[in-house]
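The structure is shown first.

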Amino acid sequence: MRLDRLDEQLLALLVADARRSYADLGARVGLTASAVKRRVDRLREGGAITGFTVTLDPAALGWTVEGYVELYCRSSTPPETIRAAVEQHAEVVDASTISGEADALLHILAADMRDFERVLERIGAEPFVARTKSVLVLSPLLRRGAGPRAV
């Protein structure tokens, strides 16, 4: 799908606040509300917009420990096997296969250190896991969603 400058501006505004009205978006990019709706519908149909979501503050929800876990698998483990295992843990908020020595990288949000350790132990007990390596986040420096940036 090809995006023009207006599409990119609309996406940047929606990434910053997906609750904006079509009228507000239109006022910011110089279009009518109906023209914005048509563009947003086209962006959704074309797959550029896959959904609208809420951004949560982990600390406000009681998740005080954040960490990343490198997952090293025994032999050749299909990504579907890794996904099936880690999606069983609500604390795993993101998981990706990666290049380099590790096979996957997990992002974990936990209530406290004991909760983080419990999740790490359960994941490490999976039969395909050879070992894990974890790091804890001290201070998040930058967090932003994917997509064009407002200028």
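The protein exposes about 10,000 Å², of which carbon and sulfur atoms supply 52%. Accessible areas come from the Shrake-Rupley method with a 1.4 Å probe, and for residues only the protein chains shown count as cover. The model is predicted: local features need pLDDT of at least 70, side-chain atom pairs count only at pLDDT 80 or more, and totals for chains, interfaces and linings use all residues. Residues are numbered from 1 along each chain as its sequence is written, and side-chain values use heavy atoms, with hydrogens and water left out.

## Overall form

There are 5 helices and 4 strands in the protein. Helices (H or I, at least four residues) and strands (E, at least two) are DSSP runs, numbered from the N terminus. In that direction the order is α-α-α-β-α-β-β-α-β. The radius of gyration is 20 Å, well over the 15 Å that the globule rule gives for 151 residues, so the protein is more spread out than a compact globule. This radius is taken over C-alpha atoms, and the rule is 2.2 Å times the number of residues to the power 0.38.

Along the principal axes, the C-alpha atoms fill a box of roughly 55 × 35 × 25 Å. Among contacts (heavy atoms within 4.5 Å) with a separation of 6 or more, 65% join residues 24 or more positions apart.

## Strand β1 and its partners

Strand β1 (residues 65-73) has 7 of its 9 residues buried, so the strand is largely enclosed by the rest of the structure. Strands pair if DSSP finds at least two bridges between them. β1 runs antiparallel to β3 (residues 104-110), joined by 7 bridges, and E70 stands opposite L105 in β3. β1 also pairs with β4 (residues 129-136) in the antiparallel sense over 7 bridges; here Y72 stands opposite R131.

## D115 in helix α5

D115 lies in helix α5 (residues 113-124). At 13% relative accessibility, D115 counts as buried. Leaving aside residues up to four places away in sequence, D115 touches E91 and A110.

Methods. Buried means under 20% relative accessible area, exposed over 50%, partly exposed in between (1.4 Å probe, protein chains only).
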